[in-house]
Amino acid sequence: MSEKLYIVVPCYNEEEVLPETSKKLKEKLESLIERDLISPESKIVFVNDGSKDRTWPIIVELHKSDPHFSGICLTRNRGHQNALMAGLMECRNRADIIISMDADLQDDIGAVDQMLEEYRKGNDIVYGVRSSRKTDTFFKRFTAESYYKVMRMLGVELVFNHADYRLLSRRALDGLAEYKEVNLFLRGIVPQIGYDTAIVTYERKERFAGESKYPLKKMLSFALDGITSFSVKPMKIIINIGILVFLVSIIMMIYTLHAKIVGRTVSGWTSLMVSIWMIGGIQLLCLGVIGEYIGKIYSESKHRPRYLIKENLEDEEEQ
């Protein structure tokens, strides 16, 4: 019997793209069912992450018109990673395989066939990886590639040019469920699960409609979460900076005493100001990094739920 596939799609204010996205995904699902590659009970599950537009009413209408569509509505906006995790965890006991992807049609739906092929070869996790970044601006391409290199230097295991387009088997989903942290960075968590993995490359397209939900501010915040959630090397860097500044201060003290003894003391307003600002800036930067780690410890210690579900159309079907 063919496995039951669920395609989980997090959505936040996606009313402009949902009609086209649902159409394309339905065509792909029906094609896979016709070829007996997946079970007829397979579904497309949209996760509404507290959208302020008509995203949820559209999802409900899709569900009423076609049983292959379903939806999960969170009580409020919890962010992309939490919305994705909600979809994965709520569907893991209903599906044999889950493929997660964004709603903007930038991920190539055609790569689903290759993902299923790799899964049948025995791979529990299949990553969708961009073959190139030709469609990105120079700034975005440069910063993204630099970020992957920095993460690698910090000892964080990431799949290069991979976002959240991936296939997970039931076994991999059960492994993911064991990770309880509140500060989610799935691109770093999934590689830690283990099991056999494969990569499928695809050409990323331009966004079909609507605006990106990841402006520069959110991208920077997401990048910082990735670093502080998976590496303590920034703390070690702070220690090294502290040692370096201490050594420089000893050298400056010796130089100052020598200048005093030989009578070459002059008004050193410029050097004094530069030293104060430099050391002050380093101290504030170090305190900020330490504060970020303490903040994460604080968040984790509360054991608050990552998300709360307002409505699950899957549950309504079973009643």
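Started with the sheet: strand β4 (residues 97-100) runs antiparallel to β6, and four bridges join the two. I take helices (H or I, at least four residues) and strands (E, at least two) as DSSP runs, numbered from the N terminus. Two strands pair if DSSP finds at least two bridges between them.

Ground rules, before I forget: this is a predicted model, so I need pLDDT of at least 70 for local features and 80 or more for side-chain atom pairs, while totals for chains, interfaces and linings use all residues. Numbering goes from 1 along each chain as its sequence is written, and side-chain values use heavy atoms, with hydrogens and water left out.

Back to β6. Strand β5 (residues 125-130) is also antiparallel to β6, again through four bridges. R166 turns up in both pairings: R166 is the bridge partner of S100 and of Y127. I also checked cover on β6 (residues 162-169), and seven of its eight residues are buried. Buried means under 20% relative accessible area, exposed over 50%, partly exposed in between (1.4 Å probe, protein chains only).

N13 has phi near 55° and sits in the loop between β1 (5-11) and α1 (18-34). Y195 has phi of about 65°, in the loop between α7 (186-193) and β7 (197-202). N13 is partly exposed at 24%, and Y195 is partly exposed at 39%.

Last, how many disulfides (cysteine sulfur pairs within 2.5 Å) does a search of the whole structure find? I got zero. C11 is buried because its relative accessibility is 1%, and C73 is buried at 6%.

Notes: A disulfide is a pair of cysteine sulfur atoms within 2.5 Å.
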